[in-house]
Amino acid sequence: MKMIRAHNLTLSLRDGQRRLPVLQGIDIHIKQGEWVALTGANGCGKTSLIRTFNGLNTPSAGSLSVAGLDMRSPQNRAAVKQRVQLVFQNPEAQTVGSTPFEDIAFGLENRGLPRNLMIMRIREILQQVGLDHKAEADVATLSGGERQRLAVGSCLALEADMIIFDEATSMLDPAGRRDITELAQGLWRSGTTVLWVTQRMEELAESPRIAVLGGGQLLYDGDPRTLFYTSGLPDSLGWVPAPVVSVGRLLHSQGWPLHLLPLTEPQLEELL
Ligand SMILES: Nc1ncnc2c1ncn2[C@@H]1O[C@H](COP(=O)(O)OP(=O)(O)OP(=O)(O)O)[C@@H](O)[C@H]1O
Ligand SMILES: [Mg+2]
């Protein structure tokens with residue numbers, strides 16, 4: 001099944017009296033269970049695109065279906081908001097309860113579980129995101145990383161089919177970043193579709209598929225080796241390559257074939 005099927009997707013947003021064109025002619029398909037990284041410069045339309053994918057923005061033209069639902073219909077957009085969850089950049093902005101326990105309980109509210117099963121499920125989710133010891137803490141006292149884990153917990157409570165992380169690790173320290181990344185990878189391995197918005201070169205290089213937005217258009221959609229080693233796009237966009245890719249380019253210039261070029265540090269270590 002296709003999780004996302006966009007054809008010639010166009011979005012304009014209201015800016016005072018005018019309508020500002022934000023996305024133009026986006027064609028992208030994402031299969032259920034895929035991990036796709038989405039990148040592009042500040043203001044290129046990444047957040048606008050993912051808000052369109054979960055029904056917060058309404059496409060101005062073109063077609064978009066999400067989990068098989070046509071997003072021109074308001075009912076379908078409302079249904080998709082639950083199935084496609086966003087985890088935002090700012091850890092402050094996304095909790096509804098005053099404790100992690102309450103926050104997860106809100107997500108489970110509409111499932112009609114008997115109280116004892118509901119408490120078990122809340123405990124299970126808090127454990128999965130590593131917050132069982134903070135179940136009754138005031139959310140205002142949680143660290144940024146803990147809040148992001150709680151946000152992922154809410155996605156689990158809602159049984160989201162797809163989770164979109166909008167630069168969700170950009171405000172975290174390296175340990176917090178690793179926690180969230182590992183949590184996301186674990187969910188992906190157990191079948192959740194993941195769209196991972198990032199500006200970090202090493203996160204891009206480790207993604208099986210990368211979509212690059214520029215000026216509201218899709219500039220690239222494909223594998224990381226082609227993007228980093230033969231497309232020329234990273235240079236034309238002024239990206240500073242990850243150290244592993246710099247080494248890989250050197251090897252490429254020495255005649256190494258594309259399929260052997262490293263994308264991650266472990267791959268580089270193995271080569272050397
Ligand atoms: N609600 C809105 N109303 C009008 N214009 C908007 C709105 N939201 C975003 N825009 C405009 O749409 C364009 C794309 O913004 P968007 O936030 O999608 O970019 P982004 O790629 O997510 O950027 P960043 O990397 O900074 O998060 C920008 O020019 C922005 O000013
Ligand atoms: Mg953004």
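**Entry 1: the whole.** I noted that this is a predicted model, and I looked up its secondary structure, which comes to eleven helices and ten strands. The radius of gyration is 20 Å, close to the 19 Å that the globule rule gives for 272 residues, so I wrote the protein down as being as compact as a globular protein of that length. Along the principal axes, the C-alpha atoms fill a box of roughly 65 × 50 × 35 Å. I also looked up burial, and 49% of the 272 residues count as buried.

**Entry 2: the cores.** Which residues have the most contacts inside the largest nonpolar core? I found Val 87, Ile 104, Ile 122 and Phe 165, in a core that has 33 residues. Among the elements that give two or more residues to this core are helix H3 (100-108), helix H5 (144-157) and strand E8 (193-197), and H5 gives the most, with six residues. I then followed Phe 165 and, leaving aside its neighbours within four places in sequence, listed its contacts, which include Val 87, Val 152, Ile 180, Leu 195 and Trp 196. Apart from this core lies another, of 29 residues, among them Leu 23, Val 36, Cys 44 and Val 66.

**Entry 3: helix H3.** I checked burial along H3 and found that seven of its nine residues are buried, so the helix is largely enclosed by the rest of the structure. The buried residues include Phe 101, Ile 104 and Leu 108, and also Asp 103. When I looked for what covers them, H4 and H5 were among the elements I found.

**Entry 4: strand E8.** Why is E8 largely enclosed by the rest of the structure? Five of its five residues are buried, so I counted the strand as largely enclosed. Both faces are covered, with Thr 193, Leu 195 and Val 197 buried on one side and Val 194 and Trp 196 buried on the other. I looked next at its partners: strand E3 (residues 35-39) runs parallel to E8 and is joined to it by four bridges, with Val 36 standing opposite Leu 195. E7 also pairs with E8 in the parallel sense, over five bridges, and Asp 166 has Val 197 in E8 as its bridge partner.

Methods. Residues are numbered from 1 along each chain as its sequence is written. Chains are lettered from A and ligands numbered from 1 in the order in which they are written. This is a predicted model: local features need pLDDT of at least 70, side-chain atom pairs count only at pLDDT 80 or more; totals for chains, interfaces and linings use all residues. Side-chain values use heavy atoms; hydrogens and water are left out. A nonpolar core is a set of buried Ala, Val, Leu, Ile, Met, Phe, Trp, Tyr and Cys residues joined through side-chain atoms within 4.5 Å. Buried means under 20% relative accessible area, exposed over 50%, partly exposed in between (1.4 Å probe, protein chains only). Contact means heavy atoms within 4.5 Å. Two strands pair if DSSP finds at least two bridges between them. The radius of gyration is taken over C-alpha atoms; the globule rule is 2.2 Å times the number of residues to the power 0.38.
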